[in-house]
Amino acid sequence: MGKGGVSEGVLKKIILSYTYVAIWIFLSFTVIVYNKYILDRKMYNWPYPISLTMIHMAFCSSLAYLLVRVFKLVEPVSMSWDLYVKSVVPIGLLYAVSLWLSNSAYIYLSVSFIQMLKALMPVAVYSIGILFKKEQFKTNVMANMVSISVGVAIAAYGEAKFDSWGVILQLGAVAFEATRLVMIQILLNSKGITLNPITSLYYVAPCCLVFLTGPWLVVEYPLLKETSSFHLDFFVFGTNSFCAFALNLAVFLLVGKTSALTMNVAGVVKDWLLIAFSWSVIKDAVTSVNLIGYALAFLGVCYYNHAKFVAMKAKEAEEAQRKAAQADEEAGRLLEEREESGAKKSESQD
């Protein structure tokens, strides 16, 4: 290591972190564009979002089972059947509806506009967190949420190909996903259970598959039967499903090797890349009003992530101080015991 330089170990860690971020952005980008390609009537023209979601869930749950049970590369979580039914199954239901609605939105909306609407996720999570008493109402945080909402509203106002049904579907997806995230805190994290993306697929994906079967039989099965769309292109759907699973694996690596905050920041970069790709390659119309609105929402999301980071660091510092105080108290108690023991020994010798 040269004078004033960076050690080889630190440099390697930085390069690995950026590599994980780049892989996650690439896979997240690929899954979104690939889903759009399959579902859009002007592209691959296979507008069956429930079927696509079910294919993903079947593929991902199978691979997760192999990783957890066969190859034992990931440790399963100790969980009773009662806990599974009461905690995991409701989360599986919310996840199934969220994926169904979000995939459906690709049929009606541009990729760029969907990413703009997704900026409402912090607003939904915070609002639902207050509703379930997992968050405290704070005026400054709510003002930030309002700024994000105003930005998204401006972006929607400037949308060239605004579709009301598509917006309803995407907002519904955001609401169900936000509820799922809050329910994970209430039903799992509060009981000391943490699921990483792989164990989450292992436990949750089969539930999603079951819950989607009913709507699929009613909504899409008759259409597929009528149009003979059961003949799947195994290359297209196989690679699409593999990308979806690889994305979950990338999340597992990214959060495990860096942090959830890094993923949030990387997500902001990915959104801008998707908007640029949607405009330049897919030729979706992106207006100046779109960009002004999303820029406002983007600043609000950045401030939200920064505030979360500051709060997390403050909590860590508080926890460190508490542990240090406990250690000092324990050391003082041991010293007193030794002094008392020494005094008693001295008295007995006299």
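Read along the sequence, the chain follows the pattern α-α-α-α-α-α-α-α-α-α-α, with 11 helices and zero strands; both are DSSP runs numbered from the N terminus, helices being H or I of at least four residues and strands E of at least two. Please keep in mind that this is a predicted model, where local features need pLDDT of at least 70, side-chain atom pairs count only at pLDDT 80 or more, and totals for chains, interfaces and linings use all residues. Residues are numbered from 1 along each chain as its sequence is written, and side-chain values use heavy atoms, leaving out hydrogens and water.

Stepping back to the whole chain, the C-alpha trace spans about 105 × 50 × 45 Å along its principal axes. Of the 350 residues, 42% are buried (under 20% relative accessible area, with exposed over 50% and partly exposed in between, using a 1.4 Å probe and protein chains only). Among contacts (heavy atoms within 4.5 Å) between residues at least 6 apart in sequence, 83% join residues at least 24 apart.

Let us now visit one residue. L93 sits in helix α3, which covers residues 81-105. Why does L93 count as partly exposed? Because its relative accessibility is 39%. The C-alpha atom of L93 lies 8.8 Å from that of R180, although 87 residues separate the two along the chain.

Finally, look at the lining of the second largest pocket, which divides into five nonpolar, one polar and eight charged residues. Here Ala, Val, Leu, Ile, Met, Phe, Trp, Tyr, Cys and Pro count as nonpolar, Asp, Glu, Lys and Arg as charged, and the others, Gly among them, as polar. A pocket is an open set of points on a 1 Å grid over the protein atoms alone, where a 1.4 Å probe fits, with protein on both sides within 12 Å along at least five of seven lines; lining residues have an atom within 4 Å of a point.
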